[in-house]
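Here's a walk through one structure, going from a single charged pair to the chain interface and then the ligand site. Keep the 3D view open while you read.

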Amino acid sequence: MVPVLRMEGVTRSYRTGAGEVRALDGVDLALWPGEFVVLLGPSGSGKSTLLNLLGGLDAPTTGGIWYRDHDLAHGDDASLTRYRREHVGFVFQFFNLLPSLTAEENVALVTEIARAPLAPRDALALVGLAERASHFPSQLSGGEQQRVAIARAVAKRPDVLLCDEPTGSLDAQTGRLVLEAIDRVNRELRAVTAVITHNAAIAALGDRVLRMSSGRIVDEHRNAVRASAGTLAW
Amino acid sequence: MRTLRRALRRDLVRMAAQVATAALVVACGVAVLAGMFGTWQALARAQREFYADARFADVFASLTRAPRAVEATLAAVDGVAAVRARVAVDVVLDVPGLAEPASGRLVGVRVDAPEPLNRVVLRAGRLPAPRRAGEAVASEAFAQAHGLRPGDAVGAVIGGRLWALVVVGIGLSPEFVYEIAPGALVPDARHFGVLWMDEDALAAASGRDGAFNDVALALAPGARAEQVVADVDALLAPYGGRGAYGRDDHVSHRYLTDEIAQNRVTATWLPAVFFAVAAFLVAVTLGRLVAMQRLQIGALRAFGYTRGEVAAHYASFALAIVAVGGVAGLAAGTGLGALLTRLYRDFYRFPELAFRLDAELLAVVAAALAAVAVAGAAGASARVAALAPADAMRPPTPPVYRAGRLLPRLPASARMVARALARRPFASAAGVAGIAVGLALLVVGFYFRDALEVLLHAQFEMARREDVAVVFREPSGPQALHALARLPGVTRVEGERAEPVRVAAGHRVRRTVLVGVAPDDELARLLDRHGRAVPLPAQGVLLSAKLAEGLYVRPGAAVDVELLGGTRRAGRVVVAGLVDDWTGLALWAPREVVDRLAGEGPRFTGARLRADRDALADLYRSLKETPGLAAVALREQTVATFRAILDRSFALSAAIDVGFACLIAFGLVYNGARVALSERAAELATLRVLGFTRAETAGLLLGEQAVITLAAIPLGMALGAALAAWFATRLSTELYRIPFVVTSSTLGLAALVTLASAVASGALVGWRVRAFDLIGVLKARE
Ligand SMILES: Nc1ncnc2c1ncn2[C@@H]1O[C@H](COP(=O)(O)OP(=O)(O)OP(=O)(O)O)[C@@H](O)[C@H]1O
Ligand SMILES: [Mg+2]
């Protein structure tokens, strides 16, 4: 079997007024087809940086990143844009819905530029929001907004689904619904899924749990059984 | 993309007020551009076509009298393509229904063969029948001012005899597009008109059988006007030639050409002001939108929308504003253009003067709109394109404020305002500049009115104080003055001798008049710029300051004066002083000095009369029948005409100026306050939660705009005064001068109007603070 995403010796440094910050410091990683990976780690440990690199939002300072046989480390803006457009679904901590578009339109925003997308309604149905299709973000609760964001991320049938603290702004109840939606998408669409969280309990959902600290992956363990979101203790 | 377009539409609706403000300013710019540029085009086109169709001449000359045979000699001059020698005389007219006398210019016209030059275009009726002295074609302006129709009669004293001229037609000529009496400040169609009569009949009636006293010539292609002027001049000198001149010195042509040139300038810079303000408003509105939607932009990029697609999305926001403003502006501009051309039709008479929304005009408007869109969208679109998609993953960084050294001493609220201003120095400065420009426009608009009031006062109350001025048909002796003194009600008569001269200093030459006056004249005073009388020197001449400027001479220098017409005697005289007069270029000297220079005298070419007010009606009646007068000018009537024109043209332009200035101030303040409101809603809501009153909160919101407005007011006043000074210099031509005056009431009114619009828009935004949904604002993350 070949990994979907592969990182080798990746570092990412930021130049700031106070000197150089090394957000990632030599990361090797492979993500396998259909795998659900949970990223844990203290604030500032480099989780978001890692996810951004996997999603083609950013390029490493040194090291290599490949999506199948595409080189993501040296891609120009156009090729990275194409990679994101065709293969990646994002879910952000702050939802990032367009307030001027309804739930369905927010999903359509992505399906319009995708190759073989789900119908926006079906994508919303996947996260249990079919009846709220014509609501604007301001008319939805935080959890509902995040589920719309998930529908938007999965509507293109991505090969890679990346979620940065998808439940970070939500309470336990809604957080569970959101995780359920991600879990379901991972199972039904077989997308490689990476989820960042501060909540160790969520780790039980994944096939594999990576723990980061100071820009490195310091611990890795595999769950024998994946828990289901409904049964999570928050 | 469809969904992205939908988002655009909704953003436009959500920011409707700001979008509308920017679109309105765009619309004003387009309206002014289309209206004024179109009017300029219309005038230029009308001039071009009329001159070509009616074969407007290139060189002109008048003389005392020459035999017809000289026409052939003139035709043989190198560079002359066509000649038209004719009779033209100035007479006093008695128009039915007009108590006072009017002045007229009778021009001979060929009725049996087509005119080679300066053709009369008939608007109604027909040309006079051959050799019928009793028939005339009246100029359109004159006919309209009196409601003359074919069949009506006008009395004219020609060659000492009173004629009843039957108007058989109404006409126009390229020579009299701007029909203004010689030496007048403004056209007065009630008191001055042109009448065309059969050439031979006019020659016979005025005692010029077989002779001519006026000539027009067309240049052959490639001929040099100066050379032809010199040759014609030399040729006509023995016949009392008063100096040939080219189109540049032709009064109607000069006024028209100056007006067209001025129009072109105004049609450029005035819209440019609006477009600059509009581009700024678009940039601010769009910049705000981009700042607010930073996370959305990042998200779009993360989903795989390209840089170009996202930048284009925001650029189309600017395009939408510009398109809406453009369409509205074109509609308004068409109306403005039609209105302006209609106003012009009263002063400039063409067979056709029509505003047209043609391809060229549309192209100019489109180019201007494109410039606004690019200028307005460039900054924001570039920022959008440069935004790293990874930013979408991060919450927005709070704005960077600077502490500033002076600030700690100020109260916290003032510190907030100061930092808000300092955080966007460009936007703050542009806001100040925009409001200042709006105010300056207003100052300039009011300035023209003030200037013309001052001019009216200076010319007709300070300098000229006669009731009636007359011009004699021929230079006359003192008995002519005695005859005038015997007219009913006349209490004072002052004679003058005005001789056409060529005055030269080195290679600089002007054609003008030398006026012989008396030191004790009361009715025409020679004043300097402070209104003080300039003493008439025993030796030497006084020069119009504008003439001295044109000749580059100062008091003490000498100029060469050559009398044109008659003897052509010449002499060198010293410039003894300068007179700040308002029209034309003249020289003055004691009348005896002029007599001596001419080698004959005493002679008078005209006189000024003062009369009893009660006897004016009688005086007017007698003047209509007095033989030997070529023209009559009535001060009271001139002032009334001047004032009517002032009131009519300025009512409209003042309304437009005030409207524009209000819109600019309102738009800029409104936009700035809305941006501040949306940026700082959370901050302000926090203050409300902390216990600040609504008024205090609104004060913090609007403080920034208040500072901008208050800073703009003195700047706008200074800019307005500078612009007015610039106009005063630019518009001070050799034909007339416009004084520079900026009154405190003009400045005050302009400031008041600006302040009022700023306060109105501030109040409108401040009102929103009242309606703050405190919980909603605090809940929102941004
Ligand atoms: N644009 C940037 N400029 C400078 N430093 C940055 C930038 N982005 C991230 N960093 C630094 O890189 C390190 C890793 O950041 P990263 O956002 O990946 O952390 P994280 O693990 O996602 O933390 P959190 O759980 O708080 O989101 C941090 O120390 C951060 O300050
Ligand atoms: Mg993070």
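Which kind of contact do the side chains of D183(A) and R187(A) make? They meet in a salt bridge, at 3.1 Å from N to O. Keep in mind that this is a predicted model. Both residues sit in helix α6 of chain A (residues 172–189), and because they are four residues apart, about one helical turn separates them. As a general point, side chains of opposite charge can pair when their charged atoms come close.

Between chain B and chain A, the count is three. One of these joins E309(B) to R85(A), with N and O 3.3 Å apart.

**Where the chains meet**

On to the rest of the interface. Here 26 residues of chain B are in contact with 27 residues of chain A. About 2,600 Å² is buried between the two chains, and carbon and sulfur atoms give 58% of that area. There are also ten residue pairs in polar contact across the interface, counting pairs with both residues at pLDDT 80 or more. Which helices of chain B each supply at least two residues to the side that touches chain A? They are α1 (2–14), α8 (294–303) and α9 (307–347). By class, that side of chain B is made up of 14 nonpolar, four polar and eight charged residues.

**Around ligand 1**

Now for the ligand. Ligand 1 is surrounded by residues from chains A and B, so its site is shared between chains. There are 15 residues around ligand 1, and those that come nearest are S43(A), G44(A), K47(A), S48(A) and T49(A). Sorted by class, the shell has four nonpolar, eight polar and three charged residues.

| Residue | Protein atom | Distance to a ligand 1 oxygen atom |
|---|---|---|
| S43(A) | polar side-chain atom | 2.4 Å |
| S45(A) | backbone N or O atom | 3.2 Å |
| G46(A) | polar backbone atom | 3.0 Å |

Taken alone, ligand 1 exposes 630 Å², and the protein buries 69% of that.

Which elements of chain A each bring at least two residues to the shell? Strands β1 (5–16) and β2 (19–31) do, and so does helix α1 (47–54). The largest share comes from α1(A), which contributes three residues.

Notes:
Residues are numbered from 1 along each chain as its sequence is written. Chains are lettered from A and ligands numbered from 1 in the order in which they are written. This is a predicted model: local features need pLDDT of at least 70, side-chain atom pairs count only at pLDDT 80 or more; totals for chains, interfaces and linings use all residues. Side-chain values use heavy atoms; hydrogens and water are left out. Contact means heavy atoms within 4.5 Å. Buried area is the accessible area (1.4 Å probe) that two parts lose on being put together, summed over both. A salt bridge is a side-chain nitrogen of Lys or Arg within 4 Å of a carboxyl oxygen of Asp or Glu. A polar contact is a pair of N or O atoms within 3.5 Å; within protein, one must be able to donate a hydrogen and the other to accept it, and residues adjacent in sequence count only if both atoms are side-chain atoms. Ala, Val, Leu, Ile, Met, Phe, Trp, Tyr, Cys and Pro count as nonpolar, Asp, Glu, Lys and Arg as charged, and the others, Gly among them, as polar. A residue is near a molecule or strand if one of its heavy atoms lies within 4 Å of it. Accessible areas come from the Shrake-Rupley method with a 1.4 Å probe; for residues, only the protein chains shown count as cover.
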